[in-house]
Amino acid sequence: MRHPRSGDSGQAFPVYITVIGGLLFLAFVYFVVAQASVLRSGGQTAADAAALAAAQDARRQLREGWREVILDPDSWGGFLQGRGYDRGAACERAAQYAHDNDAEMSDADCSDQPSGDGIEFRVHISTSGTVGKSIVPNSDRSAEATATAILEPRCFFDAPEPTPPPTTPAPTGSATPEPTPTPSPEPEPITGLVCDGVEWTIDPEDPQLPGAADLFSVRLVD
């Protein structure tokens, strides 16, 4: 009976080592790629949340500003069209949401600009976490992501024509009658506000106002 030579097993051992090493290397690569993918996905989530937060804060500001001038319909236009918010405050809100999602952004990374019938809020963030140079040399880098949210008005105001006050004919005769004090007119309901096809009547004495989501829509754009 012939016995295998001891040299054959010695030659196979380096092959096994090479195969095992290759498998470990592939597993390591997959791990690093998966970690980078998770980091990038988290960064995009943070950017989306920050952009939406900026637009939603601007929407909140606009509704509060509108409420302050609710008895002066001539001042409604700017607020209903998306003008009259503080960009700095909206971007601060965006930065807070980015921070809550393990990302950072500066005031320069947040901008707003008109777009069609709305306002676009664009943010750029960098993740706080990194892949880590302890795993892969020269890979201690954060992920970056950009997102844009748009604030679109849903209402318009068409002020009705004012009704002229009734005229009183001048009395005849030489005697001039004493002027009759004119009572203060009761404030009339304000009409002409339409939100998504729904007409609103604002009672000055007990105003029931549309909510922020009724006044503006907020959504992410590609």
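1. A word on terms before we start: a residue is called buried under 20% relative accessible area, exposed over 50%, and partly exposed in between, using a 1.4 Å probe and protein chains only. By that scale R219, at 39% relative accessibility, counts as partly exposed. Please keep in mind that this is a predicted model, where local features need pLDDT of at least 70, side-chain atom pairs count only at pLDDT 80 or more, and totals for chains, interfaces and linings use all residues. Residues are numbered from 1 along each chain as its sequence is written, and side-chain values use heavy atoms, with hydrogens and water left out.

2. The overall layout. You will find 4 helices and 8 strands in the protein, where helices (H or I, at least four residues) and strands (E, at least two) are DSSP runs numbered from the N terminus. Their order along the sequence is α-α-α-β-β-β-β-β-β-β-α-β. Of the 222 residues, 27% count as buried. The accessible surface, computed by the Shrake-Rupley method with a 1.4 Å probe, is about 15,100 Å², and carbon and sulfur atoms account for 54% of it.

3. Contacts along the chain. With contact taken as heavy atoms within 4.5 Å, consider the pairs of residues at least 6 apart in sequence: 66% of these contacts join residues at least 24 apart.

4. The core. A nonpolar core here is a set of buried Ala, Val, Leu, Ile, Met, Phe, Trp, Tyr and Cys residues joined through side-chain atoms within 4.5 Å. The largest one has 38 residues, and those touching the most other members are W66, W76, M105, F121, V123, I125 and L193. Several elements supply at least two residues each, among them helix 2 (76-80), helix 3 (87-100) and strand 3 (118-130). The largest share, 9 residues, comes from helix 1. If you click on M105, look beyond its neighbours within four places in sequence: its contacts there include A50, C91, V123 and I125.

5. Salt bridges. The rule is a side-chain nitrogen of Lys or Arg within 4 Å of a carboxyl oxygen of Asp or Glu, and the count comes to 5. In one of them, R60 meets D57 at 2.9 Å, N to O. Both residues belong to helix 1 (residues 6-68), 3 residues apart, or about one turn of the helix. D57 is buried at 9% relative accessible area, while R60 is partly exposed at 38%.

6. A salt bridge between strands. E152 and R219 pair through their side chains at 3.2 Å, N to O. Because E152 sits in strand 4 (residues 142-153) and R219 in strand 8 (residues 216-221), the pair ties together parts 67 residues apart in sequence. E152 is partly exposed, at 24% relative accessibility.

7. Aromatic pairs. Rings of Phe, Tyr and Trp (its six-membered ring) pair if their centres lie within 6.5 Å; planes under 30 degrees apart count as stacked, over 60 as edge-to-face and the rest as tilted. The structure holds 3 such pairs. W76 and F157 make a tilted one, with 4.5 Å centre to centre and 45° between the planes. This pair links helix 2, where W76 lies, to strand 5, where F157 lies, 81 residues apart. W76 is buried at 0% relative accessibility, whereas F157 is partly exposed at 22%. Ring pairs also join W66, W76 and F157 into a cluster.
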